[in-house]
Amino acid sequence: SHSFSVSTSGHPLDVGGDDQYVTLTLTEVTISGLSDYDTELTPALILKANQIEDLDVETNKLSSDQSSFTVVDGAGPAIIAAITKDADADAKIDQIDLTFSENVDDSQGVDLASSSVTLGSSYVVSSINTGDIADDDLIRVVVTEVGGSTYDTEETPTVTLVSSKIGDALNNQAITNQGAFTPSDGAAPVIVLTAFTDANGNGNIDRATLTFSEEIDVTDGSSDDGLDVTLVNDGTSVTLDDADYSETDNGGNSTLVLNFTGDEISGSTISGSTLTYSSAGSNAIKDESAATNEVVSQASLAYTDGVVPVITDASWQDADANGLIDRVVLTFSESVTITDVGTGIDGLLEIKDGSTAHTLDNVDYSSSNVTSLTLNFNGDQITGTDISNLSVTYNNGAASSYIRDGSSNEMANGDVSEAYTDAALPAILSTSWQDTDRDGG
């Protein structure tokens, strides 16, 4: 048994006028072994002798204690806990689970309409359902997800229980609105975007920048094993650089940069490259809520190509075999579109022999989805076939011409070819006929 007491503050014995009704105000108690909530309990009641009198002239009082009363449950259920969830792991909260002070009756019908609960922060109740178990203390509020590219796993919109809507087994319902109740954060962060880039500009992918649906903390148990909760894959797994990827607690970051310069993905096309999170060991990425929810174990929701195309090779040639270099064939790290607004590509690509620039032939170099480009400069040939001082440089400030990949990434200004190939064959420039035996022939 457990003891309740009548409150000693205010007017605990409220007669509410000259009638037969008396209202007792009880002191709230915490009962060991039970929850802190007791709306389903019906404590025994004892009326003490000589404490209540009637209104007769002779003012009759109770002559002895009376306890033969049946106390019935008239207290409606109240929300005692709430937690947000992202059930489909798309980085948008879609439900709030409400826990009540006692079991609620799932069969109340209209009482479980969407109007039973209102939400703060402009969130909208889509529907209300009873969860997986009938007539328990859980009610699930299905939330209309925010639209567009907004992610909200860190949000905890307040919950208000509308009066006379949700009842217990005896259909006792709250007589006033209860709220606004702030849920705890139960929605885990999600990797919403992974951007692949070529940090060292050599034409290979060597970096992945992860964007999360909310601010995160990173625990890297060892500084020499990469970060084993993340897996970069382009058909085979990629080994991250040995580094400490830890993020300072509550540092306010929602992005994480992973480098793999020692195990680059060949080329600059991201097709087939993925990033997956998997909970493992002492390493972890979690949100900054009190619950420290760990990132959902799944692949990134989206990917962006942040890899700019580069010239991986420039092959110098002597097209007319006159002993002068008059052509260079460029090979790109991926398919590109070349837009030549003028002719001669408007200085977009600069051909130099040391500090001497050579002018390209005046033709239209425009092309789509190509991996190579042939540039001719027959009108301004380079003397000799030695390529040691030759260079090709991209100048993105030249007029309106450009070279871009399929994701509209333009080549970097000032980028030079990663390699040069000598494909200029030696040429016979002159022939000297002689009569070595002096016989006249």
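1. Lys-85, at 29% relative accessibility, counts as partly exposed in this predicted model, and its side chain meets that of Asp-97 in a salt bridge with an N to O distance of 2.9 Å. The two residues sit in distant parts of the chain, Lys-85 in strand β5 and Asp-97 in strand β6, twelve residues apart.

2. Asp-97 is itself buried, with a relative accessible area of 5%, and it also forms a salt bridge with Arg-140, where the closest N and O atoms are 2.7 Å apart. Because Arg-140 lies in strand β9 (residues 138-143) and Asp-97 in strand β6, this pair ties together parts that are 43 residues apart in sequence. Arg-140 counts as buried because its relative accessible area of 15% falls under the 20% cut-off.

3. The count of salt bridges comes to three, and one of them joins the side chains of Glu-410 and Arg-404 at 3.9 Å, N to O. Glu-410 is partly exposed at 21% relative accessible area, and Arg-404 is likewise partly exposed, at 28%. Through shared partners, salt bridges join Lys-85, Asp-97 and Arg-140 into one network.

4. Asp-94, in the loop between β5 (79-85) and β6 (95-100), deserves a separate look. This residue is buried yet has no salt bridge, and the nearest side chain of opposite charge, that of Arg-140, is 8.0 Å away. The side chain of Asp-94 does, however, reach the backbone nitrogen of Asp-88 at 3.3 Å. Leaving out residues up to four places away in sequence, Asp-94 touches several others, among them Lys-85, Ala-87, Val-142 and Glu-145.

5. The largest nonpolar core has 27 residues, of which Trp-316, Leu-330 and Leu-349 touch the most other members. Two or more residues come from each of β21 (311-317), β22, β23, β25 (367-376) and β26 (390-394), and β22 gives the most, with five. Leu-349 touches residues that include Ile-311, Leu-330, Leu-360, Leu-373 and Ile-403, when those up to four places away in sequence are not counted. Apart from this core lies another, of 25 residues, with Ile-191, Phe-212, Phe-260 and Ile-270 among them. As a general point, nonpolar side chains tend to be buried together in soluble globular proteins.

6. Ile-345 lies in the loop between β22 (327-339) and β23 (349-353), and this residue is buried, with a relative accessible area of 0%. Its C-alpha atom is separated by 7.9 Å from that of Leu-360, 15 residues apart along the chain. Once neighbours within four places in sequence are left aside, Ile-345 is in contact with Ile-338, Asp-340, Leu-360, Val-363, Tyr-365 and Ser-401.

Key. Residues numbered from 1 in each chain as written. Predicted model: local features only at pLDDT ≥ 70, side-chain atom pairs only at ≥ 80, totals over all residues. Heavy atoms only, no water. Helix = DSSP H or I, 4+ residues; strand = E, 2+ residues; numbered from the N terminus. Buried < 20%, exposed > 50% of the residue type's maximum accessible area, 1.4 Å probe, protein only. Contact = heavy atoms within 4.5 Å. Core = buried A, V, L, I, M, F, W, Y, C linked by side-chain atoms within 4.5 Å. Lys, Arg positive; Asp, Glu negative; His and termini not counted. Salt bridge = Lys/Arg side-chain N within 4 Å of Asp/Glu carboxyl O. Polar contact = N/O pair within 3.5 Å; in protein donor to acceptor, adjacent residues only side chain to side chain.
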